[in-house]
Amino acid sequence: MSEKSAYDRTADVPMTSSRIVRLIARREVSTRLKDKGFIASSVFIILLIMGSVVFQVLIQSGADEVAVGVTGEPQGLSAAIEDQASALGLTAEVTEYDDEAAVREALEAEEIDAAVIDAESVLVNESLDERLRVAIEGAVTGLTIADRLAEEGLDPGILQPVSLDVTSLKPVDEESDEKAIVAFIAVLLLYTLLIFFGQFIAQGVVEEKASRVIEVLLAAVKPWQLLAGKIIGLGVLALGQLIIICAAGLGAAIAFDVITVPGAAIVTVVQVLGWFVLGFVLVAALFAVCGALVSRQEDLQSVLLPMTLLLVAALFLAITAGQNPDGTLAKVTSFIPPLSTMVMPVRVATGAVQWWEIALSVALMLVAIVVTVRVGGRIYSGALLGKGGRVKIQDALASERVS
Amino acid sequence: MLEFDGLRKSYGTNLVLDDVSFTVAPGQMYGFCGANGAGKTTTMRIALGLVRADAGQVRWQGRVVDLQTRRRIGYMPEERGLYPKMPVAEQLEYFARLHGMNTGAAKKSAKDLLEGMGLGQRLKDPLEKLSLGNQQRVQLAAALVSNPDVLILDEPFSGLDPTGVDALAANLSERRARGVPVLFSSHQLDLVERLCDAVGILAGGRIVASGTVDQLREGEAKRQLRVVIPGTDGSWARDLDFVRVDSEANGEVLLQLEDPGRDQDVLSAAMAAGSVSQFGWRQPSLVEIFREAVAA
């Protein structure tokens, strides 16, 4: 600060880096919140995610539950159908009706999915679920065989299946399926938000270059402060959006009983949030640096293409990792930033991951962030005042300014 | 004192600044002139830390200008730029705060400035809704809003109508009166001559002339004596062996002396030739000084 001043400076505030970064971040947040385009796309994304969760809920709630109507002979058919269905993973609710007319009526009213008449024929509205068909056939066959055995004077008890003593070497994690679904949805969400906010960051950078306001800004702040302010400002918005989506999604999923083990799902969500923060900082910095290389919005997509492809690759790898979490591909990519931000959460949810693997992945991510912000900050700073077409990375590094 | 000391800058093999040194005193309005591409913008950008000099430094109050001191500089870049969609008052407030003002002072300063520029009704309008002239006013306000101790303005007058020029000149004079050194570049030499206490002329990356306008006139090699004797031609002057006549028309003669001390001899000769109505050293305009300095 200069010793003498032409003006009263008593009300001035010392300009620390954190204060400057906060000021810049705050402007980003308030500008975006007033931007109709941003709000509209945010609402669209939230609705899209919610919609897909609700869709999932509807499919899941309907699929494994069937209602069956039974009328006529033989005795015990209801119980047999329920047993067979449950062996096939279906929950069958069997209701007995007095006569064929009653069961037909129930079927037409869609109270039941199938009507079994006298253990001889099955009536359905459109088509018979394959598993339900097997269950009904099994039940009818079982009862018929038991009847004939009884007629021959044999004890139907000989039909009791031999019970095998099963010991599993790798006990199945009851929760792992649910975790995998939650992790998959979360990774999809991560991908969408990273692309969405990455674009916004890059557009914001280009806007400052295109409108030339950058020269006024850089006369007072350092490029890295500008970069950090942007990442933090948009990061806060992105995290806010993610938390809204997660909370609503989890709430809905628990309410509709899609998830039976909320604790595990919440842990997965929190874990994904952590990965999002790391991934966001890295991806946002990469997008910002790319944005700094061009001066017009029209040129933006071409420089962003490699970044977008990288994220698409990460999504693809994450999906692959969900199917084969302990494969070499999943293992290797779960350590490579920024792929790791999407692959690792899936591996953690579905596979067996050692604690040191997570620690190593996080550490590599942090290293990548530091390097990107350092080198990227230099490119950003050198490229910001360049104009015309595209700035080459090496030129940007060469013309980096003093401070 | 704002000192530019030995600035050098080249882009590749292209030497843009070659040992540029000059000083702007507190309360001085310094006009920075030069043809396009002479290096004015580069010089200013170096002061603001936007371009790295190959050699030399810029000092304010004896200390090399760093980011802290830079916050006390009001800067208006040649290529204007603000956020197009941001409301003007909010925008100025933001820049004031980035320069170290607290929220209350920033709000007040932004509002006062805009009202003073006749934009009191437009505080909440986004910049892009304003006319180009008004956008230019806001741009200037962005340089002034933090009450800077130093002003560096790149072509602040370009694009302004005469009323705008007068308003800007008045505003700058007020700041000069507080002791703020004002450095501005301009192509409008008449304006520089009228407003500035000191002038620097940049050509080919070098300061070819620098000082007060009077000093520059003193240094003018081609000083001319102007003599008017109505109803005569210049033959009386042509007969003098120690002068060179540059022009003669309608009784007016412009001439140069080998020895400037012999001006009284010219007066005697003139009085002998007829009734002298005007006699004196001609004041060269800044345009003439500029032409000669740049040509040298």
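Let me start with the hairpin in chain A, which is made by β3(A) and β4(A) with three residues between them, and where Asp118(A), in the turn, has a positive phi of about 55 degrees. Please keep in mind that this is a predicted model. Strand β3, residues 114-117, and strand β4, residues 121-124, pair in the antiparallel sense over four bridges, and within that pairing Val116(A) stands opposite Val122(A) of β4(A).

If we take Ala284(A) and leave aside residues up to four places away in sequence, it touches Phe197(A), Gly198(A), Ile201(A), Ile231(A), Leu234(A) and Gly235(A).

Next, the contact between the chains, to which chain B gives 37 residues and chain A gives 30 residues. On the side of chain B that touches chain A, the elements giving two or more residues are α2 (67-70) and α3 (88-98) of chain B, and by class that side has 18 nonpolar, ten polar and nine charged residues.

Finally, chain B itself is assigned two domains, domain 1 covering 2-211 and domain 2 covering 220-285, and the centres of these domains of chain B, taken over C-alpha atoms, are separated by 44 Å.

Key:
Residues are numbered from 1 along each chain as its sequence is written. Chains are lettered from A and ligands numbered from 1 in the order in which they are written. This is a predicted model: local features need pLDDT of at least 70, side-chain atom pairs count only at pLDDT 80 or more; totals for chains, interfaces and linings use all residues. Two residues are in contact if their C-beta atoms, placed from the backbone, lie within 7 Å. Ala, Val, Leu, Ile, Met, Phe, Trp, Tyr, Cys and Pro count as nonpolar, Asp, Glu, Lys and Arg as charged, and the others, Gly among them, as polar. Domain bounds come from an automatic or database domain assignment. Two strands pair if DSSP finds at least two bridges between them.
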